[in-house]
Structures are given as C-alpha cells and as structure tokens.
Amino acid sequence: MKNLMLKIPAVVLFAILTMLSCKSAQSNDPADMPKDISERPADESSQKYDEAQLDKLKASIEAMVAKEKCTNAADWAFSPIGTKACGGPVSYIAYPKKSDATILPKIEEYTQKMSEFNKKYSITSDCMMPAEPSGVKCQAEKAVLIYP
C-alpha cells in the first residue's frame with residue numbers, strides 16, 4: 001500500500017511536468033508569427049516574379065498619369081508602351097507633357113524590361129499592331145486617346 005501511494009504522486013508529477021514541457025510559448029509579436037503565403041517573396045528567377053515586377057512598373061506609370069487632371073488636351077501627348085514579342089507596341093498611353101522628363105524614362109524602362117521578359121520566357125504574341133492614336137482629348141478630367 002505504501003509503494004502504491006508513492007507511485008501515484010510520482011505519476012501525477014510526471015504527467016504535470018510533461019504537460020508543462022509541451023506547452024508552447026505564446027507570443028503576441030507579429031514578427032514571430034508565420035508569414036502569409038502571399039507575403040512571402042517569390043522565387044526571383046520565376047516567370048511569375050518577373051511578370052509581377054512588370055505589372056508594378058506599369059502600375060507606377062499609370063499612377064503618375066492618373067494623378068494629373070486633364071483640362072486642356074494640348075497639354076497632353078501619347079507614347080507607345082510595352083513591346084510585343086514579334087515587335088511593335090502593346091498599346092499607347094496618354095501622359096501630361098509637363099511630366100516628359102519623369103514619365104518617358106519610366107515608359108522606356110517598362111518597354112525594355114518587357115522586351116527582355118519576352119525573350120527570356122520565349123513569349124509569343126498575336127503580332128497584331130494596335131492602332132496609333134491621332135491625339136488626346138479630355139473627358140471628365142481624364143486624358144482619353146483619340147483613334148481615327
């Protein structure tokens with residue numbers, strides 16, 4: 001009986017120590033939490049990563065244009081943007097002439113990077129040439145390309 005009484009507290013003590021040692025440390029620090037898969041860096045040598053970089057660059061160009069209000073069409077111009085795999089632009093974009101020095105280098109960078117992307121991943125395209133606009137007009141304070 002005496003041996004049984006000594007074994008019960010030892011078993012209880014062992015069980016308590018096991019439970020305490022298995023308890024995970026709680027942390028409220030977001031840096032300690034696992035990252036959402038969408039926040040993880042993509043493989044920098046992947047086509048999806050390169051495409052995302054192109055999309056970011058194009059979005060920054062479009063944001064630069066969008067922040068300008070179009071009140072006088074004479075203050076606006078247009079430029080080809082992007083490049084198809086078989087040559088020629090993907091489309092055209094209107095931009096404020098006063099921003100030539102900042103927007104045109106970005107457009108050229110985007111076009112060059114798209115060309116490199118097309119070669120790197122052997123991209124094919126429809127080879128259809130988009131119509132070139134004849135000008136720009138202002139509509140609801142937005143620049144709109146005019147097509148013949």
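Helices (H or I, at least four residues) and strands (E, at least two) are DSSP runs, numbered from the N terminus. This is a predicted model: local features need pLDDT of at least 70, side-chain atom pairs count only at pLDDT 80 or more, and totals for chains, interfaces and linings use all residues. Residues are numbered from 1 along each chain as its sequence is written, and side-chain values use heavy atoms, with hydrogens and water left out.

**View 1. Ala140 and Glu141 sit in the loop between strand 3 and strand 4.** Strand 3 covers 135-139 and strand 4 covers 142-146. Ala140 is not a glycine, yet its phi is positive, about 55 degrees. Glu141, also not a glycine, has a positive phi of about 65 degrees. Accessibility classes are: buried, under 20% relative accessible area; exposed, over 50%; partly exposed, in between (1.4 Å probe, protein chains only). Ala140 is exposed because its relative accessibility is 73%. Glu141, at 40%, is partly exposed.

**View 2. Cys70 and Cys138 form a disulfide.** The term means a pair of cysteine sulfur atoms within 2.5 Å. The structure holds 2 disulfides. In this one the sulfur atoms are 1.8 Å apart. The S-S torsion of Cys70 and Cys138 is about -65 degrees, so the bond is left-handed. Cys70 lies in the loop between helix 2 (47-66) and strand 1, Cys138 in strand 3; the two are 68 residues apart. Cys70 is buried at 2% relative accessibility. Cys138 is partly exposed at 27%.

**View 3. Cys86 and Cys127 form a disulfide.** Their sulfur atoms are 2.1 Å apart. Cys86 is in the loop between strand 1 and strand 2, and Cys127 in the loop between helix 3 (100-120) and strand 3, so the pair ties together parts 41 residues apart in sequence. Cys86 is partly exposed at 41%, and Cys127 is partly exposed at 42%. With bonded cysteines counted along the chain, the disulfide pattern is 1-4, 2-3.

**View 4. The count comes to 2 aromatic pairs.** Rings of Phe, Tyr and Trp (its six-membered ring) pair if their centres lie within 6.5 Å; planes under 30 degrees apart are stacked, over 60 edge-to-face, the rest tilted. Phe78 and Tyr92 pair edge-to-face, 6.1 Å centre to centre, with 75 degrees between the planes. Phe78 is in strand 1 (residues 76-81) and Tyr92 in strand 2 (residues 91-96), 14 residues apart. Phe78 is partly exposed at 24%, whereas Tyr92 is buried at 15%. Phe117 and Tyr121 form a tilted pair, 5.1 Å centre to centre, with 55 degrees between the planes. Phe117 is buried at 11%. Tyr121 is buried at 19%.
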